[in-house]
Amino acid sequence: MVIKKIKRGSVLLLLVFLLFACEQPGGAKQYPFNYSDAIMGTSFTIKVSVLPVSLTTDELKLKIKNLLDKLNGQMSTYQQDSELSLLNKNQSTQWIPVSVALYSVLKEAKDISDLSQGAFDITVGPLVNLWGFGPAQMSYKAPGDKLIQQQLTKIGYYHLLLDDKKWQVKKEITDLYIDLSAIAKGYAVDQVGLLLEKLGIVDYMVEIGGELRLKGKNIVNQPWRIAIEKPTAGKRSIEKVLPLTDLSMATSGDYRNFFEQDGVRYSHTIDPRSGKPISHKLASITILSDTTMKADALATALMVLGPEQGFKMAEEKGIAALFIIKKDDMFVEKATSSFINTLR
Ligand code: ADP
Ligand code: MG
């Protein structure tokens, strides 16, 4: 048996590199604020074109770091004492009050689950773990059908009830385990963006793990130039560069985090209907939206639905999406009308 695990980090660093490459033609002008570090098991980059005089770089870094640490403490499944980890460990089937931040993400997750008829499902965690992509690091090996069926009985977003009035949640089954990896990064990007805006910053780029929010202009007073990667594992190149501003973008792909066993690629995106990693010809999907949280979740939802069903849904619901589909040794791009119109 041949097992190959491709690590995510190196490719994400590449993405950041590509962003740099696109954003600094000639490297002439330096951003007055350009902050990169690691959080949520991935990297982030924040750039500001014009920094208010009242704010120092160190002050702004600290404010951002504090915010990201706080969000991580609310939504990480890797942090044992995070609000989410405690909720996951809580065996109660009574109503449990949660923070506004956690509630907002759970609510959006439910909306995207409804929209995608369960293709997006934050309760898919036990299967993510079973396939070796979660915090419970297991060996990268395809599990047997019996184990998959067992874990499937613990899954279903509709088992998590939400009370909009009191910001509380209720698990219908004690085993329910929530994994916000496919949406929390997007929420964090939006929150950093709002923080910057509150501080009077109007020109910025916020990127966490490849999910982005762009506002105003870049350092050379142009729309931000954002690269979409070619969805190839190992090889690193740009598929295309988009001029973007005043919107959010998220990408999901099967080429960044997966393992291979006996020549079959197992992606970290799980189809909650089968309990197995997705297997179709969709290599990557990029979403443009008004919030990064929505873009992030929609990217995973459409990744699960695949090139046909996903494209159909995206067109019907007016989602701005670019599908990059494998065809023989090549990639074919397919954009929804809304994607084309957004770039006009
Ligand atoms: P990508 O950039 O490929 O979207 P993300 O990290 O944003 O990657 O999301 C993938 C993660 O989402 C997985 O590692 C897993 O934790 C979780 N996940 C996998 N399948 C689903 C699903 N069907 N619905 C919601 N979350 C999922
Ligand atoms: Mg994502």
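How many residue pairs are in polar contact between domain 1 and domain 2? The count is five, with both residues of each pair at pLDDT 80 or more. Keep in mind that this is a predicted model.

- Domain 1 comes in two stretches, 3–74 and 183–342, while domain 2 covers 77–171.

**Where the domains meet**
- Domain 1 puts 32 residues into the contact, and domain 2 puts in 30 residues.
- Together the two domains bury about 2,600 Å², with 74% of that on carbon and sulfur atoms.
- There's one salt bridge in the count between domain 1 and domain 2.
- On the side of domain 1 that touches domain 2, the elements giving two or more residues include helix H2 (57–75), strand S1 (3–6) and strand S12 (258–261), along with H8.
- H8 gives the most to that side of domain 1, at nine residues.

**A salt bridge to look at**
- Asp145 pairs up with Lys276 in a salt bridge, and their closest N and O atoms sit 3.7 Å apart.

**The magnesium site**
- Glu211 (OE) and Asp296 (OD) coordinate the magnesium ion (ligand 2), at 2.3 to 2.6 Å.
- Glu211 is in strand S8 (residues 211–215) and Asp296 is in helix H8 (residues 292–316), so the pair ties together parts 85 residues apart in sequence.
- Glu211 counts as buried because its relative accessibility is 3%.
- Asp296 is buried too, with a relative accessible area of 2%.

Note on methods. Residues are numbered from 1 along each chain as its sequence is written. Chains are lettered from A and ligands numbered from 1 in the order in which they are written. This is a predicted model: local features need pLDDT of at least 70, side-chain atom pairs count only at pLDDT 80 or more; totals for chains, interfaces and linings use all residues. Side-chain values use heavy atoms; hydrogens and water are left out. Donors are N, O and S atoms within 2.8 Å of the metal (3.2 Å for Na, K and Ca); water is not among the atoms, so sites may look incomplete. Helices (H or I, at least four residues) and strands (E, at least two) are DSSP runs, numbered from the N terminus. Buried means under 20% relative accessible area, exposed over 50%, partly exposed in between (1.4 Å probe, protein chains only). Domain bounds come from an automatic or database domain assignment. Contact means heavy atoms within 4.5 Å. Buried area is the accessible area (1.4 Å probe) that two parts lose on being put together, summed over both. A salt bridge is a side-chain nitrogen of Lys or Arg within 4 Å of a carboxyl oxygen of Asp or Glu. A polar contact is a pair of N or O atoms within 3.5 Å; within protein, one must be able to donate a hydrogen and the other to accept it, and residues adjacent in sequence count only if both atoms are side-chain atoms.
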